Amino acid sequence: MADSAAVHAEEQGSLEGVIKGEVLRMYQEVAEHPEGEFHFYHGRQAAEMFGYEPEWLDRAPPGAVASFAGVGNPHLRSRLQPGDVVLDLGSGAGLDSIIAAWQVGPTGRVIGVDLNPTMCLKARAHAAASGGEMECHEGRMENIPLPDANVDVVISNGVINLSFRKRHVIRELFRVLKPGARLSITDIVSAKQLSQSIVNDPKLWAS
């Protein structure tokens, strides 16, 4: 039984590594070639569909808008205030972080965390081009590179569904939040158990 569990854990770890690589590849492709065809809505079309203010999209750098690959609009319920410390989990090319930075102002702080260091570079460049500022740290959502009780608001857009270890992610979010802080997350939830063929397909996870 112990040997069987060890083999299963090894297989899961191997699959998780493959999926991580496919996720990195897919979203870097969106960022670098937003004009391409993908199995999900992206760019300005998606942002408008999810209720992003047209003024935000006009004001943000075109590259940040074109590379948007979210599944909803966390800003509808984030209630950001000047001076807030915001964590953008899975910050990608930076559109949500940029919008958050406008709302929290110069006394606030926006911290992006993304698996892909290239995306962090893009997000910081886009933020600077928008006249704002954000930090971005390379890191995994299962092990957020921030200290305890450090954040007023967590925003996230279509990222937690990509994790094999969602309970770990949720524990990490509550670890970094200050007492009385809040979450504003949009994501994809399956209403039924997924088949093993879907679970084991890295391209479907990433898409």
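Is Tyr52 buried or exposed? Tyr52 is buried, at a relative accessible area of 3%. The close-ups below come from a predicted model.

**Close-up 1. Tyr52, Trp56 and Phe68 make up one aromatic cluster.** Two aromatic pairs are counted.

**Close-up 2. Arg59 lies over the face of Trp102.** The distance from the ring centre is 4.0 Å. Trp102 is one of the buried residues of α5.

**Close-up 3. Helix α5 (residues 95–104) is largely enclosed by the rest of the structure.** Why is α5 described as largely enclosed? Nine of its 10 residues are buried. They are Leu95, Asp96, Ser97, Ile98, Ile99, Ala100, Ala101, Trp102 and Val104. These buried residues pack against helices α3, α4 and α6 (117–129). They also pack against strands β1, β2 (109–114) and β4. Gly105 follows α5. The phi of Gly105 is positive, near 70°.

**Close-up 4. Arg79 has a positive phi without being a glycine.** The angle is about 50°. Arg79 belongs to the loop between α4 (62–66) and β1 (85–89). With a relative accessible area of 56%, Arg79 is exposed. The cut-off for that class is over 50%.

**Close-up 5. Ala149 also has a positive phi, and Ala149 is not a glycine either.** Its phi is about 50°. Which loop holds Ala149? Ala149 lies between β3 (135–138) and β4 (151–157). The relative accessibility of Ala149 is 40%, so the residue counts as partly exposed. Strand β4, at one end of this loop, is among the elements that the buried residues of α5 pack against.

Notes:
Residues numbered from 1 in each chain as written. Predicted model: local features only at pLDDT ≥ 70, side-chain atom pairs only at ≥ 80, totals over all residues. Heavy atoms only, no water. Helix = DSSP H or I, 4+ residues; strand = E, 2+ residues; numbered from the N terminus. Buried < 20%, exposed > 50% of the residue type's maximum accessible area, 1.4 Å probe, protein only. Phe/Tyr/Trp six-rings, centres within 6.5 Å; stacked < 30°, edge-to-face > 60°. Lys NZ or Arg CZ within 6 Å of the ring centre and 35° of its normal. Contact = heavy atoms within 4.5 Å.
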